[in-house]
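Dear colleague,

I am passing on the structure we discussed, with the sequence and the model placed just below. My notes on what I found in it follow, and I would be glad if you read them with the structure open.

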Amino acid sequence: MTEMQIFPQLTIPETLAAGPGPGNTDARVLASFANAGLADHMQADVLRGMIECKHMLRSVWGTRNVHTFGVAGTGWSGLDCLFSAILPGDTVVAFVNGTFSGIDALTVRMKAATREDLAANSMDPKPANVTVVNVPHGQSVTADVIEAALAAHKPTWAVMAHWETGSGRINDLRAFSDACVKHGVMGLVDAVSSLGIADFSIDDYPGVAGWASCPQKGVLCLPLTYAPVSFSDRYIAHLRANGCPSYVHHPILEARHWGILDGKDAPAGTYHRTHSGYAVAAFHEALRINLQHGKAQKAADYAHHEAALRKAVIALGCDVTSNMTSLVVLNLPPALAGREKDLVAMCRSRGFGIWPTLSEPVQVRIGILNQLSVAAITDIVERFGAAMNEMGAGADLGAALAALRDHYATRAAA
Ligand SMILES: *Cc1c(COP(=O)(O)O)cnc(C)c1O
């Protein structure tokens, strides 16, 4: 018999989450989570909250898509729902330029695989009907690459990440949508790290039939709540005609609890699965904060503070290869090359939560989710510069701080 062990109560310290996500969640969101009363998932205010969330989500996404709601869980939960209509044998083109679009492509290969494809390589199936277009790490997926692949393959589905968080690169959403329209393809977009940061509206991209995001990056609702998703009427009609082998992540069935029935808004939701009043309250508050900040203003604030951080790390001798505005992905100066993981580990052990890249080549990622102030960016630069110098970089922290002062003096924070 094994002895029963009860561990001491778990305490988790407050850290500076300065990575690609999750980001620092607003105190208002945490208060909403903690102050919600106990209520079941069919209680009137919980159902009302879900319907209000649905309407706010349509504003955040910029869409009139009726099928716009949240999928309980993280980004991959929303993406699983997004990719649910891909059936074995379906033709798909997937663009990959980093870790996350790589996992998107794996998900798609699993769903489009036949039973034989799965038996041949169950963890990493390679169905011939899925074409993966690889773009090197550190580069964006561009118009020419998208157009050539869709013209050549004319698939049913095409899949791309809007912002590839693994390499910090923005992909060409306009070209993707246009090529999907031109070739009659249904585009599916992983917008996990762009929603809530980039200023874009779904309805400006008619070639994209489905979208998925996550709670804990731009939306800033780490009490893991809901992954926002949105589907065009075309996607829903295709799904209704062809079906999909999922109950829980079935976009039409899951939408019911959010008050979406028979393609229309209903006065109240009907049971699909249990929802938590705590999660609904937190998500509701996070969406309110996003809308109060304003999409254009929020995007401008991220661009402003990312530009400051970029100038400072360049002054420290780093080489920035990303173009997202929530994150810088950089190569360390030659003196520290090859020691990226050691530097990241040292910073993390001190509660400064930066990240390495998760796939080759090894680079450092520093994120600014909800760190939109001069003080917060200065703190990040001071911690990073000090850590570099402790490892012997001999970087000029004074020059980095001067670069920050200069940036903020000449372009005052909005
Ligand atoms: C973070 C991320 C994911 C995965 O999201 P989880 O919340 O970890 O499930 C998928 N795609 C992209 C582009 C991401 O940035």
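Asn171 is buried, because its relative accessible area is 4%, and buried here stands for anything under 20%. Please keep in mind, for this residue and for everything that follows, that the model is a predicted one. If residues up to four places away in sequence are left out, Asn171 touches Asn97, Ser140, Val141, Met160, Ala161, His162 and Glu164.

Once its neighbours within four places in sequence are set aside, the residues in contact with Ser326 are Trp163, Ile197, Tyr302, Ile366, Gly367, Ile368 and Leu369. Between Ser326 and Leu222 there are 104 residues in sequence and, from C-alpha to C-alpha, 16 Å in space.

Which residues surround the ligand? They are Thr74, Gly75, Trp76, Leu79, Phe100, Trp163, Thr165, Asp190, Val192, Ser193, Gln216 and Lys217, and this shell is made up of five nonpolar, five polar and two charged residues. Helix H3 (residues 75–82) supplies three residues of the shell, which is the largest share. Trp163, listed above among the contacts of Ser326, is also one of the residues around the ligand.

Turning to the polar atoms, a side-chain atom of Thr74 comes to 2.7 Å from an oxygen atom of the ligand, and a polar backbone atom of Gly75 is 2.9 Å from a ligand oxygen. For Gln216, an N or O atom in the side chain lies 2.6 Å from an oxygen atom of the ligand. The ligand taken alone exposes 380 Å², and 90% of that is buried by the protein.

With best wishes

Definitions and conventions. Residues numbered from 1 in each chain as written. Predicted model: local features only at pLDDT ≥ 70, side-chain atom pairs only at ≥ 80, totals over all residues. Heavy atoms only, no water. Near = heavy atom within 4 Å. Polar contact = N/O pair within 3.5 Å; in protein donor to acceptor, adjacent residues only side chain to side chain. Areas by Shrake-Rupley, 256 points an atom, 1.4 Å probe, with all protein chains shown as cover. Helix = DSSP H or I, 4+ residues; strand = E, 2+ residues; numbered from the N terminus. Nonpolar A, V, L, I, M, F, W, Y, C, P; charged D, E, K, R; others polar. Buried < 20%, exposed > 50% of the residue type's maximum accessible area, 1.4 Å probe, protein only. Contact = heavy atoms within 4.5 Å.
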